[in-house]
Amino acid sequence: MNINGLRQPRIMGVCLWLPVIITPIVYMVISFTSSPNYQPRGIWMVIEFMIPFIILFLIHHFILVRYLFMRNHYKTYALCAVLLLGTFGVYACFTAPPPKHRHPENKVADMRPDPPGPPPFERHNPERPHPEGPPNDKFHDKAIGRPPKGQKPFALDMAIAILLVGANLSTAVFQKYVKEQERNTDMEKKQLEQELEYLKSQLNPHFFMNTLNNIHGMVEISPATAQEMIMDLSQLMRYVLYEGARGRISLKHEIDFISSYITLLRKRYSEKKVSIDLHLPHHPDEGIMLPPLLFIVIIENAFKHGVSYVKHSRFDINLSVSDGNIKLVCRNTRPDNDKMTVATAGGIGMSNLRKRLHLLFGQNHTLKVDESDPGWYSVTLIIPYNYETDTMFGNR
């Protein structure tokens with residue numbers, strides 16, 4: 001499981017939900033604590049204030065988002081979301097307490113102009129009775145620690161509700177986007193794996209056919225040598241079928257396979273006709289892992305097109321390991337009837353190799369064909385390798 005893929009939507013969700021959670025809480029705290037005569041009842045008023053928003057969120061998240069939006073019923077979701085917000089607006093409008101009517105004397109007193117100068121200081125006398133009529137609502141509400149009645153901010157309630165729904169929808173959209181990206185990545189990965197398997201399945205009969213052609217040329221010349229080559233071919237095909245089916249193999253096994261293939265070719269061509277100069281790492285590290293059967297395509301292609309029947313042919317094969325990369329340089333002399341060009345050399349073998357390299361390494365590899373020397377044809381392949389530690393003993 002991709003941990004980074006799980007962290008990203010969680011962080012995004014926190015960033016979206018923080019303002020939604022903090023905004024109403026800060027608003028209510030400021031409203032109920034602005035008075036020095038704050039009473040504990042303000043906490044319950046905060047809870048009463050939050051309950052409609054909690055119900056709004058539960059309906060939107062667990063019904064509209066899960067059963068409509070996440071299942072791609074966008075039109076139905078939009079209609080239901082509008083109806084839900086409209087219902088909440090009607091509820092917020094009708095639950096607002098009506099303003100209290102002030103006593104006529106207070107109303108007339110409020111209409112009188114204030115005398116110039118600071119208001120006179122009145123000492124509170126507990127024995128002095130209150131004037132008839134209800135007290136001034138504005139100062140009475142402030143004295144008991146709650147906001148003035150009749151002034152419930154309907155617009156602010158709707159703004160918070162829209163922010164709540166919008167944040168919930170934004171989180172759902174982001175989560176859906178992440179799931180779509182993961183699904184597309186999985187589909188692309190499966191498609192690449194299937195394409196790699198297809199290319200590898202093409203490689204097996206292609207290699208088998210070319211090797212049989214080499215053996216066929218020895219049947220009439222030296223039947224005994226042909227029999228030995230058939231035994232060598234059986235060993236090579238066992239490697240191709242079993243080791244080639246794995247995703248990664250050790251460099252040592254790949255080197256052994258290349259060495260066995262060159263041994264078979266040396267039986268096919270005499271030293272007077274073909275000279276082969278092979279340089280392989282003598283003691284490769286067991287922990288170096290790489291995809292199988294990449295280098296053999298280049299070597300096989302060189303012998304298929306580079307052997308001349310009228311003059312001596314030379315092959316120079318050099319495989320080395322350095323700086324986290326494996327490098328193969330395969331050079332061969334050009335035959336007289338030279339048909340080896342960048343566009344046509346190798347046929348299906350080199351074409352499949354290019355596709356496999358692109359699927360396996362993307363741009364992190366080098367496949368270079370050099371025809372600058374008129375007497376030589378050279379192919380260079382550089383690929384990165386993986387290093388696996390010995391999990392049993394914990395040593396490299």
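## Exercise 1: Salt bridges

Arginine 331 forms a salt bridge with aspartate 316, and their closest N and O atoms are 4.0 Å apart. A quick word on the ground rules: this is a predicted model, where local features need pLDDT of at least 70 and side-chain atom pairs count only at pLDDT 80 or more, while totals for chains, interfaces and linings use all residues. Residues are numbered from 1 along each chain as its sequence is written, and side-chain values use heavy atoms, with hydrogens and water left out.

**Task.** Work out which parts of the chain the pair arginine 331 and aspartate 316 ties together.

**Solution.** 
- Step 1: recall the rule, which asks for a side-chain nitrogen of Lys or Arg within 4 Å of a carboxyl oxygen of Asp or Glu.
- Step 2: find the elements. Helices (H or I, at least four residues) and strands (E, at least two) are DSSP runs, numbered from the N terminus.
- Step 3: check the cover. Buried means under 20% relative accessible area, exposed over 50%, and partly exposed in between (1.4 Å probe, protein chains only). Arginine 331 has 26%, so it is partly exposed, and aspartate 316, at 23%, counts as partly exposed too.

**Task.** Now do the pair arginine 334 and glutamate 371: which loops hold them?

**Solution.** 
- Step 1: their side chains meet in a salt bridge at 3.6 Å, N to O.
- Step 2: arginine 334 lies in the loop between S5 and H10, and glutamate 371 in the loop between strand S6 (366-370) and strand S7 (376-384), so the pair ties together parts 37 residues apart in sequence.
- Step 3: arginine 334 counts as buried at 11% relative accessibility, whereas glutamate 371 is partly exposed at 29%.

**Task.** How many residues apart are lysine 252 and aspartate 256 in helix H8?

**Solution.** 
- Step 1: they form a salt bridge, with the closest N and O atoms 3.4 Å apart.
- Step 2: both are in helix H8 (residues 251-268), four residues apart, which means about one helical turn between them.
- Step 3: bring in a bit of helix geometry. An α-helix has 3.6 residues a turn, so residues three or four places apart point the same way.
- Step 4: lysine 252 is partly exposed at 31% relative accessibility, and so is aspartate 256 at 37%.

By the salt-bridge rule, the count comes to six.

## Exercise 2: The strands around S7

**Task.** Which strands pair with S7, among them S5 and S6, and in what sense do they run?

**Solution.** 
- Step 1: two strands pair if DSSP finds at least two bridges between them.
- Step 2: S5 and S7 pair in the antiparallel sense over nine bridges; for instance, asparagine 332 has tyrosine 377 in S7 as its bridge partner.
- Step 3: S6 and S7 also run antiparallel, joined by five bridges, one of which has leucine 381 in S7 as the partner of leucine 367.
- Step 4: S6 and S7 form a hairpin with five residues between them.
- Step 5: eight of the nine residues of S7 are buried, so this strand is largely enclosed by the rest of the structure.

## Exercise 3: Helix H10

**Task.** Compare the reach of H10 with its expected span.

**Solution.** 
- Step 1: the expected span is 1.5 Å times one less than the number of residues.
- Step 2: H10 (residues 348-361) has 14 residues and reaches 20 Å from its first C-alpha to its last, close to the expected 20 Å.
- Step 3: its buried residues include Gly349, Met350, Leu353 and Phe361.
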